[in-house]
Amino acid sequence: MKLDVRHGVHPQDFKCYDTDRLRKDFLITDLFVLGETSMVYSHVDRIITGGACPKEPLKLECGKELGVGYFLERRELGIINVGGPGSVTVDGETFDLKPLDGLYLGMGQKDVTFSSDDPTNPAHMYFSSAPAHTNHPNCYIDIEKAKKVKMGEPEKANVRTINQYIHPDVCTTCQLMMGLTQLESGNVWNTMPCHTHDRRMEVYFYFDLPEDGLAMHLFGEPSETRHIMVRNEEAVINPSWSIHSAAGISNYSFIWSMVGENQEFTDMDHIPMEELR
């Protein structure tokens, strides 16, 4: 297991960061290394962002950074498989995860193991974890079970479908929310006009980008924006005070994970376009 610890930042300090510092503190890369589990622990709401790419079965383990006996002793976990078919075994119960299948695991599950059906086409188990205060039932969610919200206009190149996997209308959690947004062909913008939600932070994980493709992720305060160039299967940590938006050179998909004060998906502070700088 690899666990990289990242610290939070004040918006006044953030505006002084150069490209290398932004990438070092907020960009998450190398999530899917064959035969390994990789994780980033952020002090922004103590979210953990991770990826498992099993050749042989990989057990989800915790280090001294969590201060507990097992990973989900005081946490909950959301998983979406963005690779080949695989499975997650939880205290003896196995959940098969086809590409784009999701799974919620409640606090208190002791043994979690990731597996690939075919090591030559390994599963890419992307996961997010948040602190939890009580146990909620495990919940398997395929993309058809997810709540779907259509948004965008062709004239603004932002037609997309938001698939809400871990959401109060789908399953019960302590604070974790998680979903998958798919842009239609010919559309490149997501979450524009943009917003903030100071009650919840967010992590964006980008995938379905071509090998030579990229997306420009916009974040920072509306009046002092910054950007990071993101490649396929990379993620960006967004503090709660930051906008979160992107444009790609082609359409793409991304997984959003949120933790914080509430689970109201529509609780956001919209930013007028004229305020962006």
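# Close-up views of the predicted model

**View 1. The side chains of Lys156 and Glu153 meet in a salt bridge, with N and O 3.6 Å apart.** A salt bridge is taken as a side-chain nitrogen of Lys or Arg within 4 Å of a carboxyl oxygen of Asp or Glu, and by this rule the count comes to nine. The model is predicted, and therefore local features need pLDDT of at least 70 and side-chain atom pairs count only at pLDDT 80 or more, whereas totals for chains, interfaces and linings use all residues. Residues are numbered from 1 along each chain as its sequence is written, and side-chain values use heavy atoms, with hydrogens and water left out. Lys156 counts as partly exposed at 46% relative accessibility, and Glu153 likewise counts as partly exposed, at 37%; here buried means under 20% relative accessible area, exposed means over 50%, and partly exposed lies in between (1.4 Å probe, protein chains only).

**View 2. Arg199 forms a salt bridge with Asp269, the closest N and O atoms being 3.1 Å apart.** Because Arg199 lies in the loop between β17 (195-196) and β18 while Asp269 belongs to strand β24 (residues 269-270), the pair ties together parts that are 70 residues apart in sequence. Helices (H or I, at least four residues) and strands (E, at least two) are DSSP runs, numbered from the N terminus. Arg199 is partly exposed at 26% relative accessibility, and Asp269 is partly exposed at 34%. Arg199, Asp267 and Asp269 are linked in a network of salt bridges.

**View 3. A further salt bridge joins the side chains of Asp101 and Lys98, at 3.1 Å from N to O.** Asp101 is buried, with a relative accessible area of 2%, whereas Lys98 is partly exposed at 47%.

**View 4. Asn187 lies in the loop between β15 (177-183) and β16 (189-190).** Asn187 is buried, its relative accessible area being 6%, and its side chain reaches the backbone oxygen of Ser185 at 3.3 Å. Such a polar contact is a pair of N or O atoms within 3.5 Å, of which, within protein, one must be able to donate a hydrogen and the other to accept it; residues adjacent in sequence count only if both atoms are side-chain atoms. Leaving aside residues up to four places away in sequence, Asn187 touches Glu153, Pro154, Ala157, Asn158, Val159, Ser250 and Asn251, where contact means heavy atoms within 4.5 Å.

View 5. Tyr206 counts as buried at 0% relative accessibility, and its side chain makes a polar contact of 2.6 Å with the side chain of His217. The C-alpha atoms of Tyr206 and Asp20, which are 186 residues apart along the chain, are separated by 20 Å.

**View 6. Helix α2 (residues 19-26) has Leu22, Asp25 and Phe26 as its buried residues.** Seen down the axis of α2, these buried residues fall within an arc of 80°, so they line one face of the helix; the arc is that of the directions from the helix axis to the C-beta atoms. On the other side of α2, Asp20 and Lys24 are exposed. The buried residues of α2 pack against several elements, including β1 (2-6), α1 (11-14), β19 (215-221) and β20 (224-230).

**View 7. Strand β4 (residues 48-53) is largely enclosed by the rest of the structure, because six of its six residues are buried.** Ile48, Gly50 and Ala52 point one way from β4, and Thr49, Gly51 and Cys53 point the other way. Two strands are taken to pair if DSSP finds at least two bridges between them: strand β3 (residues 36-42) is joined to β4 by six bridges and runs antiparallel to it, with Gly50 of β4 as the bridge partner of Met39. In the hairpin of β3 and β4, which has five residues between the strands, Asp45 takes a positive phi near 60°. Strand β11 (residues 125-131) is also antiparallel to β4, and five bridges join the two; Met125 of β11 is the bridge partner of Ala52.

**View 8. A search of the whole structure finds zero disulfides.** A disulfide is a pair of cysteine sulfur atoms within 2.5 Å. The sulfur of Cys171, a buried residue with a relative accessible area of 8%, is 4.5 Å from the closest cysteine sulfur, in Cys139, too far for a bond. For Cys62, partly exposed at 22% relative accessibility, the closest cysteine sulfur is that of Cys174, at 18 Å, again too far for a bond.
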